[in-house]
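Visitor: I'd like to learn how to read a structure like this one. Could you walk me through a few features?

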Amino acid sequence: MARIVQDTPDEIVIEDRPWLLGLILASTTIGSVALFFHAWDNSFWGLGAVSALMTLGTFYSINLVIKLSRLSLHPDGRAVLSVRDHKGWTDREFVPGSLRAGLETNRMSDTETTRAVLLIDSASGVERVPFTAYFSSSSSAEAAVRRINEWRRSETARVF
């Protein structure tokens, strides 16, 4: 979930640490490995092959999905988005006045989930960068979007 971890006059830091998603994927991996060894002991080769594929698929999913995001908002108008995946950290800095946030909604039958999306203004249009890779039913995305847009309004007021 996206949450505000620091809110001072010097810096605002919003992080997303998808621990629950990581726990689900780790549990799936452990279950797949246990299923594989059960099949190995009982000579169920088809079941062993399926569980091996499940384990590989889970590791692949972990590498694709689990990304720690950190957005640092500075009083001078700079914003830095840092994303960590299995390859390491990558940073992206935005010029003052180009970053704002929006809420993306996903509706499935009777439930509604949201996620924070960074909107970056450029000469070629508006780029949409999801802050989290997943949708959540908590209000943390709304709080993060509200705080980013408040920072932008205060930063814009200082510039003009």
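Visitor: Let's start with one side chain: is Arg147 buried or exposed?

Guide: A word on the ground rules before that. This is a predicted model, where local features need pLDDT of at least 70 and side-chain atom pairs count only at pLDDT 80 or more, while totals for chains, interfaces and linings use all residues. Residues are numbered from 1 along each chain as its sequence is written, and side-chain values use heavy atoms, with hydrogens and water left out. Now the idea: buried means under 20% relative accessible area, exposed means over 50%, and partly exposed is in between (1.4 Å probe, protein chains only). Arg147 has a relative accessible area of 18%, so Arg147 is buried.

Visitor: Which residue does Arg147 meet in a salt bridge?

Guide: In general, side chains of opposite charge can pair when their charged atoms come close. The rule here asks for a side-chain nitrogen of Lys or Arg within 4 Å of a carboxyl oxygen of Asp or Glu. Arg147 meets Glu150 that way, at 3.5 Å from N to O. Glu150 is partly exposed, at 33%. Both sit in helix α3 (residues 140-159), three residues apart, which means about one helical turn separates them. Helices here are DSSP runs of H or I with at least four residues, strands are runs of E with at least two, and numbering goes from the N terminus. Asp7 joins in too: Asp7, Arg147 and Glu150 are linked in a network of salt bridges.

Visitor: How many salt bridges does the rule give?

Guide: The count comes to 11. One of them joins Arg70 and Glu15, with the closest N and O atoms 2.3 Å apart. That pair links distant parts of the chain, since Arg70 is in strand β3 (68-73) and Glu15 in strand β2 (12-16), 55 residues apart. Glu15 is buried at 4%, whereas Arg70 is partly exposed at 29%.

Visitor: Which residue does Glu127 form a salt bridge with?

Guide: Arg92, with 2.6 Å between the closest N and O atoms. Glu127 lies in strand β8 (125-130) and Arg92 in strand β5 (88-94), so the pair ties together parts that are 35 residues apart in sequence.

Visitor: And the sheets: in what order do the three strands of the open sheet run?

Guide: Two strands pair if DSSP finds at least two bridges between them. Here the order is β6-β7-β8, with antiparallel pairing. The edge strands, β6 (99-108) and β8, each pair on one side only. Between β6 and β7 (111-122) there are 10 bridges, and Leu103 stands opposite Ala116 in β7.
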